[in-house]
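Let's take a walk through this model together. Have the viewer open and follow along.

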Amino acid sequence: MNSFYYTQSTKAAGALQTDQKNMPQSVGCSLSLRHQKERKWFSIFSSILSAAILGMEVCPVQVEADVSDGLPSFTIVGFASSQVKEAQERVRTALKNMEIALPPKRITINLSPVGIRKEGAGFDLPVAAAILCALRLVPASSLSQVMVMGEVSLSGAIRHVPGVLPVVIRARELGCHTCIIPKDNEQEASLVKDIRIVAVQTIKELIRFCTAPEKYESIQTAGSQKTPGLQRKYEVDFADIQGQESVKRAAEIAVSGFHNLLLIGPPGSGKTMTARRIPTILPELTFEESLELTKIYSIAGLLSKEEPILLSRPFRAPHHTSSAQALAGGGRNPKPGEVTLAHRSVLFLDEMPEFSKRALEILRQPLEDRRIQLSRVQGTYTFPANFLLVGAMNPCPCGYYPDMNRCTCSPGSVQQYLQRISQPLLDRIDVCAESPELGYDQIIGSREEESSAQIRSRVEKVHLIQKKRFQGTSCQFNSEIPPSRVRQFCSLDEEGEQILKKAYESLHLSGRGYHRILKVSRTIADMEGCERIGAAHVREALGYRTPDKKYWK
């Protein structure tokens with residue numbers, strides 16, 4: 001096939017040069033209609049639709065190819081990164097190994113719009129498809145309203161790329177009827193309904209599809225509406241924890257109202273053990289939440305081939321050496337950080353004071369706004385960050401303060417250690433609970449403890465109460481009530497009002513701290529099925545503020 005095109009081009013070139021010599025001077029360089037038709041092979045233009053991922057947004061990109069006369073070359077323009085520019089060698093070699101030799105022509109690839117930086121290997125397959133269209137090896141009509149994405153290996157195989165799920169969703173919004181993606185991304189893409197998915201393994205399969213699209217086997221997605229988390233099983237359970245009733249109670253309150261939680265106690269008292277079991281008492285993911293989380297993990301490139309959709313809420317536990325950029329996200333083209341990967345789930349910071357000051361302070365804005373904004377020269381990128389923060393820490397460097405019989409730290413070192421967590425960050429933590437050291441009888445206790453399923457059933461009832469309360473508003477949980485509507489949703493009885501007033505003056509609470517106590521009280525009242533917040537609810541909520549006042553004097 002390629003020798004045919006090369007022979008025809010040689011003959012056409014000779015005929016064109018002969019006719020140009022015989023043209024009268026008055027005609028100049030203009031060509032007759034017959035010559036213009038022959039000339040089309042020498043300067044042929046094609047355009048393929050692909051996409052670039054900018055933060056959480058998907059921007060459509062036109063991959064334009066022009067094959068024309070001139071010195072043989074292969075050029076990619078359009079604000080392309082080095083990864084994208086390397087596509088010219090990958091595609092050229094892949095086509096050669098597929099027995100498709102490129103003619104000695106000038107090949108120019110343009111990625112439009114040029115104002116957006118293009119990154120990643122996902123443009124390899126669109127570049128190959130655009131060249132094949134320009135060489136008339138595949139009909140251009142077969143790729144009309146089709147989005148193409150994939151990495152090409154030197155052998156011509158099509159490899160997995162990140163971000164396919166949001167790209168397919170964007171293609172459906174743009175009115176595309178088909179998406180051509182790598183075979184390894186097939187299950188991920190099939191989550192989107194009402195769009196045809198063509199999963200290819202080689203460039204030859206792409207050509208086969210373009211030659212006869214109606215005969216090619218593909219997936220007509222339906223987008224399963226079942227809740228995927230119902231069959232998910234956890235390897236840990238709250239029944240594993242002996243004793244520590246107060247810590248379990250604090251964890252249940254935190255999950256019920258989606259309140260941030262801080263656990264303080266000596267080493268080995270079960271802080272980490274409790275935190276790792278919190279996802280087991282969170283309600284199961286709905287299909288919409290699962291799709292949202294899968295989209296985030298697809299962009300981050302963290303989806304596995306075995307599990308292309310998230311079936312359970314993720315538990316993110318970064319090491320204390322993690323940088324501020326690792327928590328918030330970053331890069332020239334920003335990628336999701338830990339606060340986004342923990343969206344609608346748990347971000348656990350073990351040994352919280354060991355994190356750098358900058359890393360901890362960067363959490364203040366997403367804890368308040370439930371999203372994080374990263375500004376770059378190219379623009380501002382917004383990532384979702386509605387997560388439940390769970391922190392665990394020792395009260396001092398040795399871990400045994402205020403037990404002065406065992407603590408070896410000086411008062412100055414204790415205060416210096418605690419001051420690594422600032423008061424503004426503490427104000428954003430609603431529930432602070434002490435995890436006492438367990439006695440021997442508690443450790444060897446054989447009492448049957450409550451399972452995660454039992455606790456989760458109570459949590460789901462409280463979530464249902466909040467869902468009905470906040471219907472028609474932007475709130476979902478008690479922790480999200482805006483200050484202007486706190487009094488509307490958190491009405492106190494007279495005794496509760498008096499207790500809270502005295503606590504505000506004696507504990508020197510900030511305005512944020514006062515509102516957060518009200519919100520925790522609202523959650524405790526919901527757990528008991530009470531419409532109004534009573535004195536007992538306020539007292540328990542205040543009890544979760546006293547540990548921070550005890551240590552951070």
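Predicted model: local features only at pLDDT ≥ 70, side-chain atom pairs only at ≥ 80, totals over all residues.

Residues are numbered from 1 along each chain as its sequence is written, and side-chain values use heavy atoms, with hydrogens and water left out.

Start at helix H9, residues 245-257. Helices here are DSSP runs of H or I with at least four residues, strands are runs of E with at least two, and both are numbered from the N terminus. The 13 residues of H9 reach 19 Å from first C-alpha to last, close to the 18 Å expected at 1.5 Å a residue; that expected span is 1.5 Å times one less than the number of residues. Ten of the 13 are buried, so H9 is largely enclosed by the rest of the structure. Buried means under 20% relative accessible area, exposed means over 50%, and partly exposed is in between, using a 1.4 Å probe and protein chains only. Among the buried residues are Lys248 and Glu252, along with Val247, Ile253 and Val255.

Just after H9, phenylalanine 258 takes a positive phi of about 55°. Next comes histidine 259, in the loop between H9 and strand S11 (261-264). Histidine 259 is buried, with a relative accessible area of 0%, and its side chain makes a polar contact with the side chain of threonine 523 at 2.6 Å. A polar contact here is a pair of N or O atoms within 3.5 Å; within protein, one must be able to donate a hydrogen and the other to accept it, and residues adjacent in sequence count only if both atoms are side-chain atoms. Asparagine 260 sits in that loop between H9 and S11 too, and is buried at 2% relative accessible area. A polar atom of the asparagine 260 side chain lies 3.1 Å from the backbone nitrogen of leucine 389, and a polar atom of that side chain lies 2.8 Å from the backbone oxygen of arginine 428.

Two strands count as paired if DSSP finds at least two bridges between them. S11 pairs with S18 (residues 388-393) over four bridges, and isoleucine 264 has methionine 393 as its bridge partner there. S11 also pairs with S19 over four bridges, with leucine 262 opposite cysteine 432.

Now look at the side chains of S11. In a regular strand the side chains alternate between the two faces of the sheet. Leu261 and Leu263 point one way, Leu262 and Ile264 the other, and all are buried.

The largest pocket has a volume of about 510 Å³, and of its 20 lining residues, the closest to the centre are Glu289, His463, Lys467, Gln476 and Phe477. Helix H19 (residues 452-469) gives the most to this lining, with five residues. The structure also holds one cavity of 30 Å³ or more, and the largest cavity has about 40 Å³ of space. Its lining includes Val431 and Cys432. On a 1 Å grid over the protein atoms alone, a cavity is a set of points where a 1.4 Å probe fits but cannot get out, while a pocket is an open set with protein on both sides within 12 Å along at least five of seven lines; lining residues have an atom within 4 Å of a point. Grid points are joined across faces, edges and corners, and a volume is the space filled by probe spheres set on the points.

Finally, the backbone. Most residues other than glycine have a negative phi, and most peptide bonds are trans. Glutamate 99 has a positive phi near 65° and is exposed at 68% relative accessible area. Aspartate 194 also has a phi near 65°, and is exposed at 58%. Cis peptide bonds turn up from serine 112 to proline 113, with omega near 10°, and between tyrosine 401 and proline 402, with omega about 10°.
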